[in-house]
Amino acid sequence: EIAKGEISVIYGTVFHLEQLLKALPPTTVSAYSQLQALMVGGSTVSTKLRDNIREKLTAKLYVLYGSNESNTSCITQLNEVFTTPNTVGRPLPGYQVEIVDDRGNPCLHGSAGLVRFKTPGMIQGYLGDPVATERYFKDGWFYPGDVAKMTEDGQLVHLGRADNLMIMNGINIYPAEIEQTLLNHPDIADALAVPRRHPIHQDIPVCLVTPEPGRTIGEPALLAYARARLGSSSPHRIFIVD
């Protein structure tokens, strides 16, 4: 249908795209080159998945970010979706998007924090659930519970969910930021950041990683890689597991 021009745009989730890529012959290249757009949303679209889509399907990839409460709020541009790791693009017209700390103070560009946005079209609360309404809607803003940072040129870089926040020596550390950073390493197939409880420092971030098949990696090099990108939020130990 795509080759005949009967389908010009496809929208799917990460699950759909991963299943589709697994079903393709290993030698497939640019199978969907005739598409005008392939749009992906609903969950984090990793750098490796983006590169796989570009190689096997199409370079006309758009990553969407939003929520049920407000529809799509951001979309990537073709010249940025592959060059800015984890970008979900720029706010659509009519959307205000900010990155703030847990007290609602705006964060500096490049610093991880909580996403909040508002638009005239979003809902104002949850019917019959004042507790959830108070948690996610504050002063006209909607807080979807995601962690992100804003680049200097106005792109929203999505890092994951805020539910598993770690606090070490009073510093907020987001596991998703550690995981996404290590997943961008070419030798790492999977990563999981967890807190190691400490009576004085509270949560010490450590990370488990699985290497790509046939790759050999060591902890010192990975720690240096993480520290160069995360600073004080980097993991203190990295364990390489099967």
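Me: Which residue does Arg 161 meet in a salt bridge?
Reply: Arg 161 meets Asp 146, with N and O 2.8 Å apart. A salt bridge here is a side-chain nitrogen of Lys or Arg within 4 Å of a carboxyl oxygen of Asp or Glu. This is a predicted model, where local features need pLDDT of at least 70, side-chain atom pairs count only at pLDDT 80 or more, and totals for chains, interfaces and linings use all residues. Residues are numbered from 1 along each chain as its sequence is written, and side-chain values use heavy atoms, with hydrogens and water left out.

Me: Where do Arg 161 and Asp 146 lie?
Reply: Arg 161 is in strand S11 (residues 156-161) and Asp 146 is in strand S10 (residues 146-150). The pair links distant parts of the chain, 15 residues apart. Strands (E, at least two residues) and helices (H or I, at least four) are DSSP runs, numbered from the N terminus.

Me: Is Asp 146 buried or exposed?
Reply: Asp 146 is buried, at 8% relative accessibility. Arg 161 is partly exposed, at 40%. Buried means under 20% relative accessible area, exposed over 50%, and partly exposed in between, using a 1.4 Å probe and protein chains only.

Me: How many salt bridges are in the whole structure?
Reply: A search finds 11. One of them joins Arg 54 to Asp 51, with the closest N and O atoms 3.1 Å apart. Both residues lie in helix H2 (residues 47-56), three residues apart, which is about one turn of the helix.

Me: Which residues are linked in a network?
Reply: Glu 80, Arg 90 and Asp 153 are linked in a network of salt bridges.

Me: Now helices. At what angle do H4 and H5 pack?
Reply: H4 (residues 175-183) and H5 (residues 219-230) pack at about 120°, with their axes 10 Å apart. That makes H4 oblique to H5, because angles under 35 degrees count as roughly parallel, over 145 as roughly antiparallel, 65 to 115 as roughly perpendicular and the rest as oblique. Axes are lines fitted to C-alpha atoms, for helices over the stretch in contact, and angles run from 0 to 180 degrees between N-to-C directions.

Me: Which residues make the contact?
Reply: H4 gives Glu 177, Ile 178, Thr 181 and Leu 182, and H5 gives Leu 222, Tyr 225, Ala 226, Arg 229 and Leu 230. Contact means heavy atoms within 4.5 Å.
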